[in-house]
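Could you walk me through this model in my viewer, one selection at a time? I would like to know what to pick next and what is there.

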Amino acid sequence: MKGLIIYFIFIYLINFCFSIKFNQQHQQFHHFKINENDDNEKVIVAHPKIPPYWLLENEISNPNDSISFKILLKQNNLDKLNYLFEEISDPKSILYGAFLSKDEINELVKSSDEDFNKVIEYLKSFDIVNIGNEIKLFSDYIQVETTINKVSSMFNSKFSNYKNKNNGKTRNRLNGPAYLPKRLLNSIDFITGLSEFFEHSFKIENYLNNNNNNNINNNNNNNNKNNGDSNSYNGGLDDILIIPTVLKSYYNVPNELIGKFENNSIGIIAFNDYFSMGALELFDEKFNVTRGNITIIGNDCLGRGCDQYESDLDIQYITSMAENISTDFITFNDAQWILDYLHSVLVMNNPPLVQSISYGWAELLQCDVSNGCSTFGYDSKQYVDRTNSEFQKLATIGITVLVSSGDDGAPSLGGSSGNCPIDGTVYCPTGGCNHTKTMCPEFTIYNLNDNNNDSYCFFPMGIASSGCTNILGDPSVLGSGMKIFSEDNKRCNLAIEYDRTNLPHVYSECECKDLVNVTFRNYHFTQYQFNENNGALFVAEYPSSSPFVTSVGATQFLSRDEKITTEVGCTILEGAKITTGGGFSSFQSQPKYQQQAIKEFFDNHHHLESLPPSFSYSPTNRGVPDISMVGHNYKIYSSDDGDNKCPCKSLPVDGTSCSSPTLAGLIGLINDQLLLNGKSQLGFLNPLLYQMAIDEPRIFNDITGDSSNRCSRSYCCLYGWSTSPNTWDPVTGLGSIDFNLFLSYVLKLKGIYNDLK
């Protein structure tokens with residue numbers, strides 16, 4: 001039957017929808033202007049930017065060292081892929097749930113034989129000839145692993161060996177431009193693996209190695225001091241502690257419901273992170289969890305510089321929600337990112353049916369994640385576009401992907417410009433600073449010798465921006481430079497103070513306009529003045545902002561007498577450690593499934609004063625999140641020594657990275673019921689979610705109150721989004737779910753009327 005449906009799909013597409021030959025120039029990606037009379041002329045295809053924490057170790061790499069890279073060829077039939085994606089994912093379509101096989105999808109979008117042959121012949125001309133060893137062929141890209149000597153000749157380029165000053169790791173990467181003949185550019189989208197320095201960028205660390213006893217205050221003024229106990233931050237100590245039974249009780253999940261279908265599976269995607277099996281076993285024992293089999297794909301990096309808490313959280317809560325369901329833990333090393341993950345999953349024989357990703361970075365700065373995008377090769381938009389096609393492939397084969405929406409509200413932190421004016425009335429909201437208010441919460445540092453976008457640091461809001469990363473990479477800027485700035489503004493008692501999370505704040509008893517400007521070497525310290533041209537006010541995170549994944553935001557429970565009273569958007573203003581991410585994509589179009597919900601949101605906010613400035617967002621672009629779950633004060637276990645065994649400690653954690661694996665586990669339970677009844681799994685969720693909100697709005701717990709995402713994890717901007725009653729909003733999406741109502745809706749939709757199995 002499935003074969004007949006698939007046959008119908010293709011006949012319908014060919015005869016009715018795509019009688020006009022597909023025009024290659026309508027593809028999503030950029031096109032190079034080619035001079036057909038000069039095919040052998042070479043052009044730059046990569047020219048990397050070296051991050052400041054990577055230092056040149058050896059000018060010339062060992063020519064016998066191996067290096068691996070991918071040549072991404074032009075894909076075909078992307079319009080047909082999009083059509084299939086929409087029909088298969090739409091619960092109102094007759095093709096809903098008629099998933100294709102990986103072979104069928106690969107055949108649909110595969111690159112042309114001509115493109116493959118052009119590139120392979122070029123590789124052979126540099127003695128890269130061994131197909132299956134040096135050269136591996138996939139449907140729309142070629143992976144090459146060979147010596148640096150051959151690759152240097154092929155790209156007419158120089159490779160050097162670099163060392164990470166933070167962890168001592170070394171890597172061979174381009175030192176200068178890479179070239180290819182023009183005649184190949186009509187066959188290639190871009191190349192990855194030559195210049196990436198991706199290293200833990202998706203996680204915001206404490207920027208400076210200080211603590212809140214090391215506040216930079218050159219003036220011993222005690223006005224408004226509170227000895228490090230400012231504001232309402234409680235670190236979750238007085239909150240409802242989230243454990244599996246609390247989640248199941250609040251979200252109406254039957255305790256007896258566990259996985260029973262042998263081939264059902266869920267998955268955790270990790271980057272430079274790993275979990276402790278000892279901590280997981282202790283968690284299972286403490287909370288009586290019946291865990292399914294765990295398959296590990298990737299290398300154990302514990303003890304070699306990677307993190308643990310994220311993966312401990314992910315694996316403990318996805319498995320406790322989806323009890324007895326097999327789980328794949330898929331981890332990638334520190335030179336890989338989302339496109340690498342998708343390529344890997346798409347070649348798996350049995351990829352997990354539900355996958356949770358707790359990582360993200362500013363969508364406009366996907367190149368900064370890897371520092372691999374070239375001035376002449378490809379940019380962040382092209383990286384996102386190509387990656388989105390891979391997400392569409394996953395959806396059409398029936399894979400659900402959930403992604404945490406980010407932990408820094410609408411303004412974001414990692415990769416954001418910082419050009420969002422801080423609300424000075426909310427000073428040091430997480431506590432730990434010496435004061436509770438400031439007259440001037442921020443200033444600007446810029447490099448007088450540099451005129452590009454990375455020459456400005458809006459401090460401290462832009463602490464994780466590329467501009468601040470470059471400028472503050474020179475430790476003397478916040479050392480000697482800040483000392484001079486403070487001394488020249490002694491009458492203002494200007495100082496930098498650190499909060500409980502080790503992030504800096506600016507204290508001043510003068511207004512910003514009254515600060516004296518200072519020049520230290522080639523750095524100029526001056527007052528911050530908001531200008532919409534100095535960088536985006538808000539930044540959406542990717543891959544959460546992709547229209548082809550389900551973006552999951554975070555809520556938190558407010559309680560009284562140890563009982564939950566209400567569910568609100570997660571924010572540092574209510575004592576959480578994070579603020580749930582949300583807003584609108586900078587360039588990704590609004591999908592059809594979301595248009596009605598977003599229209600209703602803006603109809604409810606027809607008074608413009610209730611919205612952020614109109615220049616700061618596009619109401620016709622993709623909105624995030626789609627849905628939310630509680631993301632505050634989860635109890636997890638982790639190994640004391642950062643290894644795979646106990647002794648272990650328990651600790652409370654916050655994040656949309658709590659929400660995503662929790663929801664992923666519950667979707668795994670729903671899939672289990674469908675598969676047990678001979679039905680297909682859910683696949684891409686979003687069209688179903690938004691249809692549910694129309695048909696049965698009571699499935700969603702409407703998050704209202706005074707929830708806002710104008711703060712990041714440490715700073716509060718003057719602007720942001722607020723929750724809206726009875727509709728989607730850019731803080732918590734459609735809200736959280738009542739699991740039993742959700743399950744009942746799905747079973748009825750799929751024609752299942754018997755009791756749960």
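**Starting at Ser585**

Select Ser585 and Glu363: their side chains make a polar contact at 2.9 Å. Keep in mind as you look around that this is a predicted model.

Stay on Ser585 and colour by secondary structure, and you will find Ser585 in strand S25, which covers residues 583-589. Is Ser585 buried or exposed? With a relative accessible area of 2%, Ser585 counts as buried because the cut-off for buried is under 20%. Now show its surroundings: leaving out residues up to four places away in sequence, Ser585 touches Glu363, Ala540, Ser545, Asn621 and Arg622.

**The end of helix H11**

Next, select residues 380-396, which make up helix H11, and go to Thr396. Thr396 is buried, and its relative accessible area is 0%. Which backbone oxygen lies 2.8 Å from a polar atom of the Thr396 side chain? That oxygen belongs to Lys393. Beyond neighbours within four places in sequence, Thr396 is in contact with Leu81, Leu84, Phe85, Ile88, Phe99, Leu100 and Ile105.

**Aromatic rings**

Now show the Phe, Tyr and Trp side chains; a search of the whole structure finds 41 aromatic pairs. One of them joins Tyr250 and Phe557, with ring centres 4.4 Å apart and planes at 45 degrees, a tilted arrangement. Tyr250 sits in helix H6 (residues 244-250) and Phe557 in strand S23 (residues 550-560), so this pair ties together parts that are 307 residues apart in sequence. The two partners can be told apart by accessibility: Tyr250 is partly exposed at 29%, whereas Phe557 is buried at 3%.

For another pair, pick Phe332 and Tyr341. Their ring centres are 6.2 Å apart and their planes meet at 80 degrees, so the pair is edge-to-face. Both Phe332 and Tyr341 are buried.

Then select Phe538, Phe584, Phe601, Phe602, Tyr617, Trp721 and Trp728 together: ring pairs link these residues into a cluster.

**Into the cores**

Tyr341 and Trp721 come up again in the largest nonpolar core, which has 161 residues. Along with Leu472, Leu682 and Phe742, they are the residues with the most contacts inside this core. Helix H15 (residues 656-676) gives the most to the core, with nine residues. To see a second, separate core, select Val45, Ile67, Ala178 and Leu184, which are among its 29 residues.

Helix H16 (residues 686-695) is worth a stop too. Seven of its 10 residues are buried, so H16 is largely enclosed by the rest of the structure. The buried ones are Asn686, Pro687, Leu688, Leu689, Tyr690, Gln691 and Met692.

**Last stop: confidence**

Finally, colour by pLDDT. The chain has a mean of 86, and 86% of its residues reach 70 or more. Select residues 1-37, where pLDDT stays under 50 and the model has 63 contacts beyond four places in sequence. Residues 200-214 are also below 50, and this stretch has 43 contacts in the model beyond near neighbours in sequence. Where pLDDT is low, the predicted coordinates should not be read in detail.

Key
Residues are numbered from 1 along each chain as its sequence is written. Side-chain values use heavy atoms; hydrogens and water are left out. Rings of Phe, Tyr and Trp (its six-membered ring) pair if their centres lie within 6.5 Å; planes under 30 degrees apart count as stacked, over 60 as edge-to-face and the rest as tilted. Helices (H or I, at least four residues) and strands (E, at least two) are DSSP runs, numbered from the N terminus. Buried means under 20% relative accessible area, exposed over 50%, partly exposed in between (1.4 Å probe, protein chains only). A nonpolar core is a set of buried Ala, Val, Leu, Ile, Met, Phe, Trp, Tyr and Cys residues joined through side-chain atoms within 4.5 Å. Contact means heavy atoms within 4.5 Å. A polar contact is a pair of N or O atoms within 3.5 Å; within protein, one must be able to donate a hydrogen and the other to accept it, and residues adjacent in sequence count only if both atoms are side-chain atoms. pLDDT is the predictor's confidence in each residue, from 0 to 100.
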